[in-house]
Amino acid sequence: MAVQCVKCGKDGESITAPLFMGRLEAEIKAKVCQSCWKEWEGMRVMVINEYQINLGDENGRDMVKKHMRAFLKLGEVVDISKVQENFKPQ
Ligand SMILES: [Zn+2]
């Protein structure tokens, strides 16, 4: 299965693994390819460290979601330039 990815703009492999993203899951899987999702998983660690986000806190989890939507171009706009400057994909 291929997906037209909104992040990289290419037809990519779709995500098959469960993401545990609740109601966002269907949207992410319909719009984002597997390699961009992998990229986000690396980015997520950077975001959490950079902003010292506490995932036990609902505001913290919201913050991560906002960054995820911005990173994957799912409509949210936040300033992530600070994190992206330091981000080096493996
Ligand atoms: Zn992609």
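Predicted model: local features only at pLDDT ≥ 70, side-chain atom pairs only at ≥ 80, totals over all residues.
Visitor: Before we go on, what pattern does the chain follow along the sequence?

Guide: Reading along, you get β-β-α-α-α-α. That is 4 helices and 2 strands.

Visitor: And how much of the chain counts as buried?

Guide: Of its 90 residues, 17% do. As for contacts between residues at least 6 apart in sequence, 46% of them join residues at least 24 apart.

Visitor: Back to α2, then. Which of its residues are buried?

Guide: To call a residue buried, we look for 20 or more other C-beta atoms within 10 Å of its own. In α2, Cys36, Trp37, Met43 and Val47 are buried.

Visitor: How do α2 and α3 cross?

Guide: Picture a line through each helix. The axes of α2 (residues 34-50) and α3 (residues 58-71) come within 10 Å and cross at roughly 135°. Angles over 145 degrees would count as roughly antiparallel, and 65 to 115 as roughly perpendicular. The two helices are therefore oblique to each other.

Visitor: Is the crossing left-handed or right-handed?

Guide: Right-handed, as α2 passes α3.

Visitor: Which residues make the contact?

Guide: From α2 you have Trp40, Met43, Arg44, Val47 and Ile48, and from α3 there are Val64, His67, Met68 and Phe71. Sorted by class, that contact has 7 nonpolar, 1 polar and 1 charged residues. Notice that Met43 and Val47 are also among the buried residues of α2.

Visitor: What about Gly60, where does that lie?

Guide: Gly60 lies in helix α3. With 15 C-beta neighbours inside 10 Å, Gly60 counts as partly exposed. Setting aside residues up to four places away in sequence, Gly60 touches Ile53, Asn54 and Leu55. Its C-alpha is also 8.6 Å from that of Ile48, although Gly60 and Ile48 are 12 residues apart in sequence.

Visitor: Where is Gln52?

Guide: Gln52 sits in the loop between α2 and α3, just after α2. Exposure is a matter of counting again: Gln52 has 7 C-beta neighbours inside 10 Å, so Gln52 counts as exposed.

Visitor: What is the phi of Lys73?

Guide: Near 60°, a positive value in a residue other than glycine. Lys73 belongs to the loop between α3 and α4 (81-86). With 16 C-beta neighbours inside 10 Å, Lys73 counts as partly exposed.

Visitor: Which residues is Glu13 in contact with, apart from its sequence neighbours?

Guide: Leaving out those within four places in sequence, Glu13 is in contact with Ala2, Cys33 and Gln34. Remember that α2 covers residues 34-50. Glu13 also pairs up in space with Val3: they are 10 residues apart in sequence, yet 6.2 Å apart from C-alpha to C-alpha.

Technical notes
Residues numbered from 1 in each chain as written. Axes fitted to C-alpha atoms, helices over the stretch in contact; angles between N-to-C directions. Parallel < 35°, antiparallel > 145°, perpendicular 65-115°, else oblique. Left-handed = near helix turned anticlockwise from the far one by under 90°. Contact = placed C-beta atoms within 7 Å. Nonpolar A, V, L, I, M, F, W, Y, C, P; charged D, E, K, R; others polar. Buried ≥ 20, exposed ≤ 12 C-beta atoms within 10 Å, placed from the backbone.
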